[in-house]
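Please consult the sequence and structure below alongside the text.

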Amino acid sequence: MDAVTRIAKTCGSYDELWSQDGRLSIAYHDERSYRLSFDGHNWTVLDDADDNTCTYLICSATINYAVERCAKSGLSLEFVHEFLPSGQNALIPAELLRVLLDNCGLSIFDACAIIVRCFGKSSAAPEIPWLHSVQPRTASLQAVLNNALKNFGFAVHDAYDETYRFPLGAVEDGSTVTFSIYSFGGVKGAKLCVYTDGYYAEYDMQRSGARFSCSISPDTPAALWYRFKLCTESGKHWLCPGNDGHFSVLSDTPADGFRLTVFKRGFTTPEWFAGRIMYQIFPDRFGFGDASEGIEYHRALGQTPELHESISEPVRWQAREFEKDYAPDDFYGGSLRGIRKKLPYLKELGVGVIYLNPIFEARSNHRYDTSDYGKIDQILGDEQDYVNLCAEAARLGIGIINDGVFSHTGADSIYFNRNGSYPTLGAYQSKDSQFYPWYDFRHFPDDYRCWWNFKDLPEVNELNAHWQDYIIRSEDSIVRRWLRLGASGWRIDVADELPDEVLSLIRDAAKAEKPDSVIIGEVWEDAVTKTSYGKMRNYALGYSLDSVMNYPFRSAVIDFALKRKTAFELRDFLLGQYHNYPQPMYRCLMNLLGSHDVERLHTALAFDFDVKTLDRSQQAELTLTEEQKLRATRLQRLCVTIQYCVPGVPCLYYGDEECLDGGRDPFNRKPFEPSNAGLHNFYARLGEIRSCSPALTGGGMQIFTPSADVIIILRHAENEKIACVINRSNDYCIVPFSGTPLLGSCESDIVPPFSVEIYKLT
């Protein structure tokens, strides 16, 4: 980074000039200019000046430089705090007020709000006598600032600071949480307002000097919100979170509150799972074998499977001549034996968990239309192949996670049997079927409740006792049996389609069979605040799930890479999850960047438009130019470094390590044969670094954002500190610490543009 030079000024006196419409402008007299330089860390006055003058000039240069950087980043002045250095200079609040009022034209209220965001309870400006001879306008604003903070009734709360809230983060039920605010003299009384769906309570806060505090002990797990009602000299106001979700802003109306997550006391998650690297496999498209026997089995059932002659053939996405609609039953012959042969390849990537998309008998290649939960699909192999895969994976220290599709079955199944393919008496065939009570028929047999109105996917009644016994509760239930055969856990498909009590039954049954099994829910939104079917769900509160698929993480990271989010916004998102999820779940979050339900990561990063807005015919024709491939690969390095450096379980979708491309289903499900191309070596190195680092696999986290384009993730364990630097900018980034580069992206403390580096700090 080149040195920055600028001119700063002092003045002897000033005049306040008021226009007819009431606007104030300032005319300075006897101004004197000084040259300063900035080396990236410190300002230096280049001309002769006494100590007091130098102190003021450096303060003024710091503020004006921050305002300029804020504007160049395309941000409003409310973000200027992001560009000010940490540490307090008693001059800064009043000088910042002068710049905001005189140079930027802000109102006194808006300027004070920005100052409070910058300096918190240290926003008040002390009297500095010598300042009158250097910059009398700033000196006069010291008293103006203090009076305004009091008269407007400003107060401060920060949900991420133990000064204001203790303890931080999510808490177990029955824990005592203390909340505090600090005022500047204008608050006469305050109440803590706590609420959630169907609940609201107010608590009086006790005053001690400038501090108001109260403590509560929530005794029921819940996603709560809180805000503060202030009685001030100017009337009633509320203290609510700003855009970052944790620092307060003063409001005339009761806006959305700060978050407080209360989870079930004693909630724990499997130690073996936390911090591992996961690899998701779409079984038909990875690890190939001879599928001819399985294909013939399905044809004998009257089904229409099609086996590709080569994995180089494109996936089928259109209906065939004899079909009205496209049916996803083209196969490439992926098998469990093939996956088993690829285990050494996965181990080299640092993989410790494999998540398999459905493997049970089904008509389609995706197998989300289950035909028989008790049988491995014959195209993939048999039960012994599954047992052997789990055993070999366990020998290598890898757990296998099954996909549990329990909210619906296939219409062509032993349970529903709409086509009569199976010898069992299905629910579609007769009301006398043992499976008839599983389903909800509005008019038998053709009008029935089905998943998202897909007639091939009839929904089940999860509260039916027979269904619960078969899937969950009996000693030989589906949930328990496959754990007994070697699975390490279940991923629950469309978890929001299953009632909370059913999800709890699944977790209880799994833990009864295998106490360290893991239950992961498919939840696309924030799992703590998720609402479905008109009620708040308790996924994250310790009742039903150990982990969820972290799709919000994917969106935030990709948005940062594509410059839809700043580093500050990504930081706020990451810290929001860190503070709002119960720590047992947070450390197990399935942090994904790709999956079978979204466009390929490499493809998403190649374009400025959203690939999912294209129809299937357009996605089929989608190709990347060499320039787009280079861009996507460069950005993918940034994304995956973030993924591997935050707490949780990074999940790699098969083929992403070699930059496989494709739009949405079915183009994100192309066959893949590893060739150690693309970013394979980069992923392998990341996996090696992460697997060998206590800080990365289980340490605490801090995040620093030197600019809108640079994010630094600091991880720390007892005897190790790791700093991950992600530089999205077009400029070089000078890192503010010394350490050993582990990735090899640079040889020093300077990270090049669009690059990443991981440092082991010394």
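Two strands count as paired if DSSP finds at least two bridges between them. The model discussed here is predicted. Its protein chain comprises 20 helices and 40 strands.

**Overall dimensions**
- The C-alpha trace spans about 100 × 55 × 55 Å along its principal axes.
- Of the 762 residues, 58% are buried.
- The accessible surface amounts to about 30,400 Å², with 49% belonging to carbon and sulfur atoms.
- Of the contacts between residues at least 6 apart in sequence, 66% join residues at least 24 apart.

- Five strands form an open sheet with antiparallel pairing, in the order 34-35-36-40-38.
- Strand 34 (700-707) and strand 38 (739-741) are the edge strands, each pairing on one side only.
- From one strand to the next, the twist averages 25°.
- Strand 38 and strand 40 (residues 755-761) run antiparallel and are joined by three bridges.
- P741 has Y759, in strand 40, as its bridge partner.
- Helix 14 (residues 567-580) packs on this sheet, where it touches strand 34 and strand 35 (710-717).
- The direction of helix 14 makes about 165° with that of strand 34.

**The site around T138**
- T138 is part of helix 5 (residues 136-151).
- Because its relative accessible area is 0%, under the 20% cut-off, T138 is classed as buried.
- Leaving aside residues up to four places away in sequence, T138 touches Y56, A94, E95, R98 and L131.

Note on methods: Residues numbered from 1 in each chain as written. Predicted model: local features only at pLDDT ≥ 70, side-chain atom pairs only at ≥ 80, totals over all residues. Heavy atoms only, no water. Helix = DSSP H or I, 4+ residues; strand = E, 2+ residues; numbered from the N terminus. Axes fitted to C-alpha atoms, helices over the stretch in contact; angles between N-to-C directions. Contact = heavy atoms within 4.5 Å. Buried < 20%, exposed > 50% of the residue type's maximum accessible area, 1.4 Å probe, protein only. Areas by Shrake-Rupley, 256 points an atom, 1.4 Å probe, with all protein chains shown as cover.
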